[in-house]
Amino acid sequence: MKHRHVLQYIHQHFKVKLILILSVIIIVCSFVTGYVSYRIYLNLFQSEISKQYLKTSEQTMEQIGFKIQDMYRITDFIFFHPLVEQIVQGMHAEPANGESKEFRRFMLERDLSEILLPLKNETPQIRALYIVDMQGNNNYFSHTNPSMPIEFPGFYEQVKSGMVEQTTEIVWQRLNIPDSSEPSGSKSNLVASRLLKSTKQQAVYGMIIMIIDESFLSEPLEPLMAGRTTGAYLYDQYSRLLYSREPDGQAGFVPELDAWEGTKIQRHDGHDYLFVKSGYEPRSFSLVSGISLADIEAKGRSVYHVALISGLVSVLLMAASVSFISGRLLRPLHGLVTAMQRVREGNLRVEIVTKSSDEFAFLAESFNNMVANIQALIQEVYVSKLSEKEAELKALQAQLNPHFLHNALNSIYWKIMLLYEDEETASLVTSLSELLRYSLASVAAPSTLRDELAQIRNYITIQEARHGEGLHVDIEVDAELLNCRMQRLLLQPLVENVFVHAFRNMTGEKRLVLRAFRRADELHMEIEDNGCGMSPDLIRTILNDQSVYDQHRERESIGIRNVMRRIYLVHGERYRLHIKHLRQGTLMQFILPYEEAQAVEGGTTDDTDRSGRG
């Protein structure tokens, strides 16, 4: 029940619905805006960090590449020096006469030391350098740290086992070497080895072995180890992990070394990591390093939370603002609702006082006008009910006058015929009497084309007496069309319009032609005259159902408009009246539905195919 009351309260109060709708809109917009901002921030910073971190990785790899090239430069000096090959080969040769093996070996080692002396001074990162023969005998060694007791040929065999193939490239390994200066008794060092080949016979005659301190590679990696890095991993030309540097106090995350290049994001233990891969093409070394995106995601989530919090604060401020402002702005609406409730109860003496000029004032003014109109309509209906009998009496009295005139014309006709024997004058009286009798019938009473033409002949009889022999009228109607149904008094206003306007000031011959013909299910009527004609502007004015006055402003021409209106009301838009301006005169055409009457209702016409008066 409590939920129902709450819903009913919300449904009945516009202010509450407005607050709820705006709250939903603000919250949804805050969610969408926060999420979009979060994604934009995340993508923007990921892209920027990817570029910066990749650039740092490439610079680091370039520094490492320079150091590797230094090692190749050192070994190339030994590899291509012609005396080195002679000295190493001469270690196993027989001594000359009077020369002992020990003296010969001492002299050869001294010569080899003099050749390699420049290298010793410019390569401090090399802790030891050995030149051994294929049996593992050490022919030359140089130590920067005497705490490493290296034994041959055992160390040679250990290095040789890490060789991938018979190549003259430097092969890099990472080995634990005995070191008396370390508490554990050993230390991880880099070992670079390279086979020595004869430049002429291309036969392997020895090996260069260099023990290099790990600082050789660790120092260039310092820039990559800043921040929340997962570590840096250096792979040799055989895609073997040569050296790794991981953050202190935590285990690193080593990605798979697949075919990817540049940057990629990989998820591990519920967190995203950005990895970059840089290569040193001359020696096919690769450097892979990664950094955690947790900080960026945390900052992005903070942006999202700020958007949500701002949305909630906006909801609270909006609710307070709507509650305060709506009380003022919607006060006219409350007054309008109260007034409408009083009107519904039957009180029509309600009036709303407006104090502004906004939309509510317009509503209040419209409401006051509506109440006033209702009161006026009620008063009008009440007065009309009271005067209904009086109106009926006046209508009956008005109807008696034409009947009295019709009877009086009949009396005049017989007096003329009996006393004066004037058939022409009697014919005019008869035509006028027939016209009057036909007009007394209701407009809604059924009629036919035969009856309409009969009244047109009566009207023309009267006009012939006025215009004399200068008037020529032709009525061209097929006999089979005479029983076609049509409205009363459609032709008479149009014919009368010809005599009133078209022939008004004519002194010459006047011609009027009436035609009727059938097309499919339509009856076409035409009234053509050779009068003064109608201008195109006047035709447009009449067809647009606008009022037209004669040149003296004495009467309004309503006959044509009356015919147009009656055709439209009875038959619809399909049937219509056309007016066409001719070179001499005017042509009026109208179209009616062809409906044949079951029986001929009253009236008499000639049944000839073509009949006319001239």
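Trainee: Why is Glu 151 called exposed?
Mentor: This is a predicted model, and in it Glu 151 has a relative accessibility of 64%; because exposed means over 50%, the residue counts as exposed. Glu 151 lies in the loop between β2 (138–143) and α5 (154–161), and its C-alpha atom is 9.2 Å from that of Asn 138, which is 13 residues away along the chain.

Trainee: How do you know that the span of α15 agrees with its number of residues?
Mentor: Helix α15 has 13 residues, 559–571, and at 1.5 Å a residue these should span 18 Å; the C-alpha atoms at its ends are 18 Å apart, so the two values agree. Just after α15 comes Gly 572, with a positive phi of about 95°.

Trainee: Which residues of α15 are buried, and what covers them?
Mentor: The buried residues are Ile 560, Arg 561, Val 563, Met 564, Arg 566 and Ile 567, and their cover includes α13 (491–502), α14 (536–543), β16 (577–581) and β17 (586–593).

Trainee: What makes α12 largely enclosed by the rest of the structure?
Mentor: Of the 19 residues of α12, 16 are buried, and therefore the helix is largely enclosed. This helix, residues 449–467, reaches 26 Å from its first C-alpha to its last, close to the 27 Å expected at 1.5 Å a residue, and is followed by Gly 468, whose phi is positive, near 75°.

Trainee: Which residues touch the most other members of the largest nonpolar core?
Mentor: In that core of 48 residues they are Met 71, Ile 78, Leu 116, Ile 131, Trp 172, Met 210 and Leu 234. The largest share of this core, ten residues, comes from helix α2 (residues 14–79). Leaving aside residues up to four places away in sequence, Met 71 touches Gln 125, Ile 126, Ile 170, Trp 172, Met 210, Ile 212 and Phe 216. A second, separate core has 43 residues, including Phe 499, Ala 516, Tyr 575 and Met 588.

Trainee: Where does pLDDT stay under 50, and how many contacts beyond four places in sequence does the model have there?
Mentor: Over residues 391–401 pLDDT stays under 50, and the model has zero such contacts for them; over residues 600–614 pLDDT also stays under 50, but there the model has 43 contacts beyond four places in sequence. Where pLDDT is low, the predicted coordinates should not be read in detail. For the protein chain, the mean pLDDT is 77, and 75% of the residues reach 70 or more.

Key: Residues are numbered from 1 along each chain as its sequence is written. This is a predicted model: local features need pLDDT of at least 70, side-chain atom pairs count only at pLDDT 80 or more; totals for chains, interfaces and linings use all residues. Side-chain values use heavy atoms; hydrogens and water are left out. Helices (H or I, at least four residues) and strands (E, at least two) are DSSP runs, numbered from the N terminus. The expected span of a helix is 1.5 Å times one less than its number of residues. Buried means under 20% relative accessible area, exposed over 50%, partly exposed in between (1.4 Å probe, protein chains only). Contact means heavy atoms within 4.5 Å. pLDDT is the predictor's confidence in each residue, from 0 to 100. A nonpolar core is a set of buried Ala, Val, Leu, Ile, Met, Phe, Trp, Tyr and Cys residues joined through side-chain atoms within 4.5 Å.
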